[in-house]
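Subject: Structure handover

Hello,

Here is the structure for you to look over. My notes follow below it.

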Amino acid sequence: LNQAIRERRAAGRNWQRWRSLTPREQQVAALVCLNLTGRQVAAKLFISPETVKTHVRSILRKFDLDSRQELRQALAGWDFSAWLEPGNG
């Protein structure tokens with residue numbers, strides 16, 4: 001029961017953090033969670049790889065995480081597949 005409560009609270013915190021992201025940060029975060037590289041994210045969103053890095057730093061700061069892998073783990077249960085479809089980038 002305690003584990004379920006902790007997971008529920010973590011999910012709520014992650015949802016609030018997600019909502020604090022800008023729309024572009026949400027796009028970048030979704031594509032990172034889909035295991036796209038920085039260059040692939042940049043190409044899909046028509047932005048520079050440096051801009052992707054800037055967005056990733058901001059996303060990690062807002063989620064209080066240290067790496068893209070930690071972001072993927074935090075949002076592991078989320079379905080980002082629609083972000084790969086045309087018109088979502």
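Buried means under 20% relative accessible area, exposed means over 50%, and partly exposed lies in between (1.4 Å probe, protein chains only). Helices (H or I, at least four residues) and strands (E, at least two) are DSSP runs, numbered from the N terminus. With those terms, H2 is mostly covered, as 9 of its 11 residues are buried.

Two points on how to read the notes. This is a predicted model, in which local features need pLDDT of at least 70 and side-chain atom pairs count only at pLDDT 80 or more, while totals for chains, interfaces and linings use all residues. Residues are numbered from 1 along each chain as its sequence is written, and side-chain values use heavy atoms, with hydrogens and water left out.

The chain as a whole

The chain holds 5 helices and 0 strands. Along the sequence the pattern reads α-α-α-α-α. The C-alpha trace spans about 45 × 25 × 20 Å along its principal axes. The radius of gyration is taken over C-alpha atoms, and the globule rule is 2.2 Å times the number of residues to the power 0.38. For 89 residues, a compact globule would come out near 12 Å; the chain has 13 Å, which agrees.

Of the 89 residues, 34% count as buried. Accessible areas come from the Shrake-Rupley method with a 1.4 Å probe, and for residues only the protein chains shown count as cover. The accessible surface of the chain is about 5800 Å², and 50% of that belongs to carbon and sulfur atoms.

Contact means heavy atoms within 4.5 Å. Take the contacts between residues at least 6 apart in sequence: 65% of them join residues at least 24 apart.

Now the charges. Lys and Arg count as positive, Asp and Glu as negative; His and the chain ends are not counted. Each charge is placed at NZ of Lys, CZ of Arg, CG of Asp or CD of Glu. The chain has 15 positive and 8 negative charges, and their mean positions are 3 Å apart.

Which residues of H2 are buried? They are Glu25, Gln26, Gln27, Val28, Ala29, Ala30, Leu31, Val32 and Cys33. Helix H2 covers residues 23-33, and Gln26 sits in it. Gln26 has 17% relative accessibility, so it counts as buried. Leaving aside residues up to four places away in sequence, Gln26 touches Trp18, Arg19, Leu21 and Trp83.

Asn35 counts as exposed because its relative accessibility is 53%.

The loop between H3 and H4

Phe46 lies in the loop between H3 and H4. Phe46 is not a glycine, yet it has a positive phi of about 60 degrees. Is Phe46 buried or exposed? At 75% relative accessibility, Phe46 counts as exposed.

Ile47 is in the loop between helix H3 (38-45) and H4. Ile47 has a relative accessible area of 18%, so it is buried. Ile47 touches Arg24, Ala42, Val52 and His55, again not counting residues up to four places away in sequence. Ile47 and Ala74 are 27 residues apart in sequence, and their C-alpha atoms are 25 Å apart in space.

Ser58 belongs to helix H4 (residues 49-63). Ser58 is buried because its relative accessible area is 9%. A polar contact is a pair of N or O atoms within 3.5 Å; within protein, one must be able to donate a hydrogen and the other to accept it, and residues adjacent in sequence count only if both atoms are side-chain atoms. What does the side chain of Ser58 make a polar contact with? The partner is the side chain of Glu25, at 2.6 Å. Glu25 is one of the buried residues of H2. Ser58 and Gln69 are 11 residues apart in sequence and 15 Å apart in space, C-alpha to C-alpha.

Thr54 is also in helix H4. Its relative accessible area is 43%, so Thr54 is partly exposed. Thr54 and Glu25 are 29 residues apart along the chain, with 9.6 Å between their C-alpha atoms.

Best wishes
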